[in-house]
Amino acid sequence: MEWPELGPLWLTVRLAAVTTGILLVLGTPLAWWLAHTRSRLKPVAEAITALPLVLPPTVLGFYLLVFLSPEAPLGAAWRDVTGAALTFSFAGLVVASVLYSLPFTVQPLQASFETIGRRPLEAAAALGAGPLDRFLTVASPLALRGYLTALVLSFAHTVGEFGVVLMVGGNIPGRTKVISIAIYEHVETLDYAQAHALSAVLLAFSFAVLVGVYAVNRRFPVHVG
Amino acid sequence: MSTLSLDITLERPDFALSVTHAFPAAGLTAVFGPSGSGKTTLLRVIAGFEPGARGTVRFDGALWQGPGRFVPPHRRGVGYVFQEPRLFPHLSVSGNLAYAERRARRAGRRPDRARVEDGLDLGPLRDRRPAQLSGGEAQRVAMARALLTDPKLMLMDEPLSALDAARKDAILPYIEAIRDRLGVPILFVSHSVPEVARLADTVVLLKAGQVAGQGSAEEVLSDPALAPSFGVREVGSILTARVTVQHDDGLTEMALPDGQTLFLPRVAAAPGQPIRARIAAHDVILSRDRPEGLSALNVLRGTIAELRRGPGPGVIVRLRVGDADLLARVTRRSADALGLREGLACHAVAKTVSVAAADIGLGTASLSP
């Protein structure tokens, strides 16, 4: 087997790590709100969050391409601030991935927060814990499994992304050429040796991550309820 | 004496709570009423868990809720014991206790960890996980955790309702200890007459979301007019007496305030100590003449103060024994045959063994002269 060209792999890991980090920060308040709100807007918010699950990646990619392009207000504003276009850039890929993987963060977190319910939080409030204190010392530890699931699913889903990346980022080595695009390109050019090598790396990596997660999950079970 | 004044309404689709009342914030006040009367909701309003409630809540001069003001639950300084223990499953028993203690200290209060742990016998449980505790143990830890906030007011929402009778009996003395030794005012929600009779200094009766009456436990529980709220089988009266002699045959002899003698199954108390015993109305027999040749040890002289006929075959008779009320439930037929009427002198017979251990509690300071 030929030694694979690792550039796309690092780019992919970087993209998945940055995306997952942003998603955990953005997804936590959104999932918390969805778990506790009685607002009539809840079904609408839930539907929007779940859209990337049912939408073909090319559709999502197409709209992102339209909205992120320097001709659209959002893309123009980004270019004015940073001096570079969002489309066909790493930053553009991050924006696209965050949207694309949103449900994989929000849904497990929302389910965890709903399972915990109000009861332990009320108990903590009666013990003098303020809202942030309650979240950090009661809700977060009890939602640990949810966080683990959200983290792994978001990361893995971003690693496996193809259609959206192709639409928004194209295929620029070192910038937007992630591993799935690289594999596709190798297959297109009939370079099966490189395709094999990259695919094997991705397979081994994904398997190792999942085994690690399940092992941790088994060793430190968090009982909720 | 500090008070807790409420003037609040809370509308729900199927229920409305409307309470304007000043609760005594001393000793143990039982909020008593049937299921669905709003007891739990009332407690949640006081704790600040029902932001939808409108009106004012004032405790000890501080406005907890009022026009343009809502003090959140974590700043009210109340201890809350829920129906289920609600211990944090990711922390040990010790961790649960420390959670409360640390936040109380940060707020400038002074919980006494050693005293609370001793008082509730938590030593052997300290390193366990909540999942390894029995229901009674978990509820004891929950009470300790609430006490470690060094609360100004304890709210207890039927903390015994999930426990079986034996566990209940085991935990009642701890609640008596909190009431008598720690000096925290307690609001205690219950729908169990024996619990209220044993623990409460004051009883607030709640009916369909409104306060229907307040009085000392003796008055409220011995009021035949209120009997339907308890259910006729739960009707009974509370007698307060002082221990005089502990006999070798397992009996405790006591003196009622008017000097008459009462025998109860062994009560663990020193001579001179006040004891309160609940005597169920259906365990009392009435006789016009002093009965002779009976196995029952307790024969008390009294005067009939009130006869109350209900829709059924029974009559509730309120007998004045010294300054206390003793209730008897007899059939209408017997009442007619004996010619019972108000003002008639009469004897009441109560079997010693019909008074269960759960019906006997230690008297509080407020009851002793």
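How many helices and strands are there in chain A? I looked this up before anything else. Chain A has eleven helices and zero strands. I note that the model is predicted.

**Entry: chain A overall**

I read the elements of chain A from the N terminus on, and they run α-α-α-α-α-α-α-α-α-α-α. I then took the extent of the C-alpha trace, which spans about 65 × 45 × 30 Å along its principal axes. Chain A has 225 residues, and 46% of them count as buried. For contacts between residues at least 6 apart in sequence, I find that 72% join residues at least 24 apart. The accessible surface of chain A is about 11,700 Å², and carbon and sulfur atoms account for 71% of that surface.

I also looked up the charges. Chain A carries 13 positive and 12 negative side chains. The centres of these two sets are 15 Å apart.

**Entry: aromatic pairs**

How many aromatic pairs does the structure hold over all chains? The number is twelve.

Trp32(A) has a relative accessible area of 27% and is partly exposed. Phe135(A), at 17%, counts as buried, since the cut-off for buried is under 20%.

I set the pair of Phe62(A) and Tyr63(A) beside this. Their ring centres are 5.7 Å apart and their planes stand at 55°, so I list the pair as tilted. Phe62(A) is partly exposed at 45% relative accessibility, and Tyr63(A) is partly exposed at 48%.

Which residues do ring pairs link into a cluster with Trp32(A)? I find Phe113(A), Phe135(A) and Tyr147(A) there.

**Entry: charges over rings**

I checked for charged ends over rings and noted two cases. In chain A, the charged end of Arg14(A) sits over the ring of Phe90(A), 4.5 Å from the ring centre. In chain B, Arg103(B) lies over the face of Tyr99(B), and its distance from the ring centre is 3.6 Å.

**Entry: Val31(B)**

Where does Val31(B) lie? I place Val31(B) in strand β3 (residues 28-32) of chain B. Val31(B) is buried, with a relative accessible area of 0%. I listed its contacts, leaving aside neighbours within four places in sequence; among them are Phe23(B), Lys39(B), Leu42(B), Leu187(B), Phe188(B) and Val189(B). I also took the separation of Val31(B) from Pro185(B): 154 residues in sequence, and 13 Å in space, C-alpha to C-alpha.

I looked at backbone angles last. Most residues other than glycine have a negative phi. I noted two residues with a positive value.

Asp60(B) is not a glycine, yet its phi is about 55°. Asp60(B) sits in the loop between β4 (54-59) and β5 (62-66) of chain B.

Glu158(B) is also a residue other than glycine with a positive phi, near 40°. Glu158(B) is in the loop between β8 (153-157) and α5 (165-182) of chain B. Is Glu158(B) buried or exposed? Glu158(B) is buried, at a relative accessible area of 10%.

Terms used. Residues numbered from 1 in each chain as written. Chains lettered and ligands numbered in written order. Predicted model: local features only at pLDDT ≥ 70, side-chain atom pairs only at ≥ 80, totals over all residues. Heavy atoms only, no water. Helix = DSSP H or I, 4+ residues; strand = E, 2+ residues; numbered from the N terminus. Buried < 20%, exposed > 50% of the residue type's maximum accessible area, 1.4 Å probe, protein only. Contact = heavy atoms within 4.5 Å. Areas by Shrake-Rupley, 256 points an atom, 1.4 Å probe, with all protein chains shown as cover. Lys, Arg positive; Asp, Glu negative; His and termini not counted. Charge placed at Lys NZ, Arg CZ, Asp CG, Glu CD. Phe/Tyr/Trp six-rings, centres within 6.5 Å; stacked < 30°, edge-to-face > 60°. Lys NZ or Arg CZ within 6 Å of the ring centre and 35° of its normal.
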